[in-house]
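This briefing reviews selected features of a single model.

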Amino acid sequence: MSGKTGLLFGSFNPVHTGHLIIAEYMMQHTGLSEIWFVLSPRNPLKGPEALPVQHRLELLRLAVDDEPGFSVCDIELGMHIPSYTADTLEALSRRFKDTTFVLLIGSDNLEVFDQWKDYEKLMNKYDIFVYPRPGANAHAFHSHPGIMQVKAPMLEISSTYIRNAIQAGKSVRYMLPEKVWQQIVLKGYYLKK
């Protein structure tokens, strides 16, 4: 596994400790040498994001810039919106010819994987490491040879919960990296719908 780079795609709206815990677990327990957090401006399977992409990028950099083995990848900011994982992986593979990429997804994404653009090509060209997500069910893709189930901690922290809690005036301080929490409070992010 040495030398492989895990790609954790997301809207990161906002990035939270659950993202970091999963990334750290994947790096420590699957032999990945590094994790790139790939910021998606807009998920094609979701609606518009609550916070502009530049603010989400700022928060993501605050969360991972000082963490060994973690990097922010903003390639999708220069791509067509909505961006598709297959297109992004193709662009990254062209740019970083000597890098072996592994796609990291939650089991909830595996349930809808057949809705992803070029999903069969993704399954056949890249290894896919799947971490558990609450409420996700077994899926036929679980038995695909390119898909590895990783028994990572199951975390119930979600960006949606964090946004809703902030709007309701609740503290989510310990669900976010400290620098991210401080910036959200300073800038008043997520206070309004």
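A residue counts as buried under 20% relative accessible area, as exposed over 50%, and as partly exposed in between. Glu24, at 35% relative accessibility, is therefore partly exposed. The model is predicted, and the points below are grouped by topic.

- Strand 1 pairs with strand 4 in the parallel sense over five bridges, and Leu7 has Leu103 of strand 4 as its bridge partner.
- Strand 1 also runs parallel to strand 2, to which six bridges join it; here Leu8 stands opposite Phe37.

**Helix 3**

- Helix 3 spans residues 85-95, and its buried residues are Thr85, Ala86, Thr88, Leu89, Ala91 and Leu92.

**Largest cavity**

- Rolling a probe the size of a water molecule over the atoms shows where empty space is left.
- The count comes to one cavity of 30 Å³ or more, and the largest cavity has a volume of about 50 Å³.
- The lining of the largest cavity consists of Ala86, Glu90, Asp118, Lys121, Leu122, Lys125 and Tyr126.
- Helix 3 and helix 5 each supply at least two residues of this lining, with helix 5 giving the most, at three residues.
- By residue class, the lining of the largest cavity divides into three nonpolar, no polar and four charged residues.
- Ala86 belongs both to the buried residues of helix 3 and to the lining of the largest cavity.

**Second largest pocket**

- The second largest pocket holds about 160 Å³ of space.
- Its lining comprises 15 residues, of which Ser107, Pro132, Arg133, His142 and Gln149 lie nearest the centre of the pocket.
- The lining of the second largest pocket divides into eight nonpolar, five polar and two charged residues.

**Individual residues**

- Gly3 is found in the segment before strand 1 and is partly exposed, with a relative accessible area of 41%.
- Leaving aside its neighbours within four places in sequence, Gly3 is in contact with Ser33 and Thr100.
- Gly3 and Ser159 are 156 residues apart in sequence, and their C-alpha atoms are 30 Å apart in space.
- Glu24 lies in helix 1 (residues 17-30); its C-alpha atom is separated by 8.7 Å from that of Gly69, which is 45 residues away along the chain.
- His144 is found in the loop between strand 5 (127-131) and strand 6 (147-149).
- The relative accessible area of His144 is 18%, so this residue is buried.
- The side chain of His144 reaches the backbone nitrogen of Gly146 at 2.9 Å.
- Beyond its neighbours within four places in sequence, His144 is in contact with Met123 and Asn124.

Definitions and conventions
Residues numbered from 1 in each chain as written. Predicted model: local features only at pLDDT ≥ 70, side-chain atom pairs only at ≥ 80, totals over all residues. Heavy atoms only, no water. Buried < 20%, exposed > 50% of the residue type's maximum accessible area, 1.4 Å probe, protein only. Helix = DSSP H or I, 4+ residues; strand = E, 2+ residues; numbered from the N terminus. 1 Å grid on protein atoms, 1.4 Å probe; cavity = no way out; pocket = protein on both sides within 12 Å on 5 of 7 lines; lining within 4 Å. Points joined across faces, edges and corners; volume = space filled by probe spheres on them. Nonpolar A, V, L, I, M, F, W, Y, C, P; charged D, E, K, R; others polar. Contact = heavy atoms within 4.5 Å. Polar contact = N/O pair within 3.5 Å; in protein donor to acceptor, adjacent residues only side chain to side chain. Pairing = 2+ DSSP bridges.
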